[in-house]
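The following questions and answers work through one protein model step by step. Please keep the sequence and the structure in view while reading.

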Amino acid sequence: TLRFTLAFTGRGSDTIDLSWTTSSNLEEQQKLWGNAVDGTLSFVLPTVLANCRARLDEGRTEHIGPLVVDKSGIVFEVKGWFSTKKVPVVWRNLQSELRNGEVIVSDKYNPKATASLPMAATDNAFIVHLLCSKKEDA
């Protein structure tokens with residue numbers, strides 16, 4: 001049995017949840033899900049990314065999972081022995097990878113500055129991955 005899910009939350013907190021579970025015609029169902037993902041990547045994601053970049057360019061910050069994202073980069077919370085520090089990292093020093101349904105974002109030079117964003121539970125986690133792949137400072 002497989003479960004297929006694509007979910008979107010709009011600015012007004014309206015949610016669109018496209019999901020189904022099946023144990024038959026798996027190949028056909030995977031093709032249908034692939035078409036839904038392709039459509040999302042082609043039509044929805046570019047608009048979401050453009051809107052996010054526009055807000056960052058206006059000087060706003062975005063909170064995505066545990067991260068604070070701004071025009072210059074990402075601020076991580078790094079836990080030490082006795083305190084937690086905020087560690088800003090500029091875009092060119094960030095790296096991001098997709099692993100097991102999560103976006104893993106980290107500072108190339110500080111292994112303690114890392115965050116794992118489960119895509120199924122973190123709104124806009126994939127947007128962080130796309131922003132990190134931009135690799136340039138504002």
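Q: At roughly what angle do the axes of helix α1 and helix α2 cross?
A: In this predicted model, helix α1 covers residues 26-57 and helix α2 covers residues 125-134. Their axes come within 11 Å of each other. The angle at which they cross is roughly 70°.

Q: Are α1 and α2 roughly parallel or roughly perpendicular to each other?
A: The axes of the two helices cross at roughly 70°. An angle from 65 to 115 degrees counts as roughly perpendicular. Therefore the relation of α1 to α2 is roughly perpendicular.

Q: Is the crossing of α1 and α2 left-handed or right-handed?
A: Besides its angle of roughly 70°, the crossing of these two helices has a handedness. For α1 and α2, the crossing is right-handed.

Q: Which residues of α2 meet α1, and how many residues of each class does the contact have?
A: From α1, the residues L41, L45, V48, L49, C52, R53 and L56 take part. They meet F126, I127, L130, L131 and K134 in α2. By class, the contact has 10 nonpolar, no polar and 2 charged residues.

Q: What pattern of helices and strands does the protein follow along the sequence?
A: The protein has 2 helices and 9 strands. Read in sequence order, these elements give the pattern β-β-α-β-β-β-β-β-β-β-α.

Q: What percentage of the residues in the protein is buried?
A: The C-alpha atoms fill a box of roughly 50 × 35 × 25 Å, taken along the principal axes. A residue counts as buried when its relative accessible area is under 20%. Of the 138 residues in the protein, the buried share is 28%.

Q: What share of the contacts with a separation of 6 or more joins residues 24 or more positions apart?
A: The contacts considered here are those in the protein with a separation of 6 or more. Among these, residues 24 or more positions apart account for 38%.

Q: Is E62 buried or exposed?
A: E62 is found in strand β3, which covers residues 62-64. Its relative accessibility is 14%, and the cut-off for a buried residue is under 20%. E62 therefore counts as buried.

Q: How far apart in space are T40 and L6, C-alpha to C-alpha?
A: T40 is found in helix α1 and is buried, with a relative accessible area of 14%. Not counting residues up to four places away in sequence, T40 touches L6, F8, L45 and P46. T40 and L6 are 34 residues apart in sequence, and their distance in space, C-alpha to C-alpha, is 8.9 Å.

Q: Which residue makes a side-chain polar contact with S96?
A: S96 is found in strand β7 and is partly exposed, with a relative accessible area of 22%. Apart from residues up to four places away in sequence, S96 touches V103, I104, V105, H129 and C132. The side chain of S96 makes a polar contact of 2.7 Å with the side chain of H129.

Q: What is the length of the polar contact that joins the side chains of E77 and K86?
A: E77 lies in strand β5, residues 73-79, and counts as partly exposed at 48% relative accessibility. Not counting residues up to four places away in sequence, E77 touches T84, K85 and K86. The polar contact between the side chains of E77 and K86 is 3.2 Å.

Q: Is N100 buried or exposed?
A: N100 is found in the loop between β7 (94-99) and β8 (102-107). Although N100 is not a glycine, it has a positive phi of about 50°. With a relative accessible area of 77%, where over 50% counts as exposed, N100 is exposed.

Q: What is the phi of N124?
A: N124 is found in the loop between β9 (114-118) and α2. N124 is partly exposed, with a relative accessible area of 36%. N124 is not a glycine, yet its phi is positive, at about 65°.

Technical notes: Residues are numbered from 1 along each chain as its sequence is written. This is a predicted model: local features need pLDDT of at least 70, side-chain atom pairs count only at pLDDT 80 or more; totals for chains, interfaces and linings use all residues. Side-chain values use heavy atoms; hydrogens and water are left out. Helices (H or I, at least four residues) and strands (E, at least two) are DSSP runs, numbered from the N terminus. Buried means under 20% relative accessible area, exposed over 50%, partly exposed in between (1.4 Å probe, protein chains only). Axes are lines fitted to C-alpha atoms, for helices over the stretch in contact, and angles run from 0 to 180 degrees between N-to-C directions. Angles under 35 degrees count as roughly parallel, over 145 as roughly antiparallel, 65 to 115 as roughly perpendicular and the rest as oblique. A crossing is left-handed if the near helix is turned anticlockwise from the far one by less than a right angle, and right-handed if clockwise. Contact means heavy atoms within 4.5 Å. Ala, Val, Leu, Ile, Met, Phe, Trp, Tyr, Cys and Pro count as nonpolar, Asp, Glu, Lys and Arg as charged, and the others, Gly among them, as polar. A polar contact is a pair of N or O atoms within 3.5 Å; within protein, one must be able to donate a hydrogen and the other to accept it, and residues adjacent in sequence count only if both atoms are side-chain atoms.
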